[in-house]
Amino acid sequence: MKVTIDAAKCMGHGMCYSLAPNVFTDDDHGYGQVVADGEVSPLDVEAARNGAANCPEAAISVTE
Ligand code: SF4
């Protein structure tokens, strides 16, 4: 599973990196970024889905 963030949609609400800090992080301005290349460890899949589902801007895409 892999996650990506559409930077044009992200408004920096921070839900993703609050809910799944192993998968998402923030840049210097609080906008969401994927950790490394966005590949999600099996241990973090549930948190990643939760973070993506709670993005208020629907900026996160999940690819199986
Ligand atoms: S939850 Fe969505 S809008 Fe908020 S920082 Fe993450 S990607 Fe950006």
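The structure is a predicted model, in which local features need pLDDT of at least 70, side-chain atom pairs count only at pLDDT 80 or more, and totals for chains, interfaces and linings use all residues. Residues are numbered from 1 along each chain as its sequence is written, and side-chain values use heavy atoms, with hydrogens and water left out.

**Ligand site**

- The ligand sits in the largest cavity; a cavity is a set of points, on a 1 Å grid over the protein atoms alone, where a 1.4 Å probe fits but cannot get out, and sitting there requires more than half of the molecule's atoms to lie within 2 Å of its grid points.
- Among the 14 residues around the ligand, those that come nearest are Cys10, His13, Gly14, Cys16 and Cys55; a residue counts as near if one of its heavy atoms lies within 4 Å.
- The shell around the ligand comprises nine nonpolar residues, four polar and one charged, where Ala, Val, Leu, Ile, Met, Phe, Trp, Tyr, Cys and Pro count as nonpolar, Asp, Glu, Lys and Arg as charged, and the others, Gly among them, as polar.
- With three residues, α1 gives the most to this shell; helices (H or I, at least four residues) and strands (E, at least two) are DSSP runs, numbered from the N terminus.

**Helix α2**

- In α2 (residues 45-53), Ala48, Gly51 and Ala52 are buried, that is, under 20% relative accessible area, against over 50% for exposed and in between for partly exposed (1.4 Å probe, protein chains only).
- These residues lie on the same side of α2 because they cover an arc of only 95° around the axis, taken from the directions from the helix axis to the C-beta atoms.
- Glu46 and Ala53 are exposed on the other side of α2.
- The buried residues of α2 pack against α1 (15-19), β2 (24-26) and β4 (60-63), with contact meaning heavy atoms within 4.5 Å.

**Asp26**

- Asp26 belongs to strand β2 and is partly exposed, at 38% relative accessibility.
- Apart from neighbours within four places in sequence, Asp26 contacts Tyr17 and Tyr31.
- Between Asp26 and Lys2 there are 24 residues in sequence and 17 Å in space, C-alpha to C-alpha.

**Alanines with positive phi**

- Most residues other than glycine have a negative phi.
- Ala36, in the loop between β3 (32-34) and α2, has a positive phi near 55° and is exposed at 72% relative accessibility.
- Ala58, in the loop between α2 and β4, has a positive phi of about 50° and is exposed, with a relative accessible area of 52%.

Notes: 1 Å grid on protein atoms, 1.4 Å probe; cavity = no way out; pocket = protein on both sides within 12 Å on 5 of 7 lines; lining within 4 Å.
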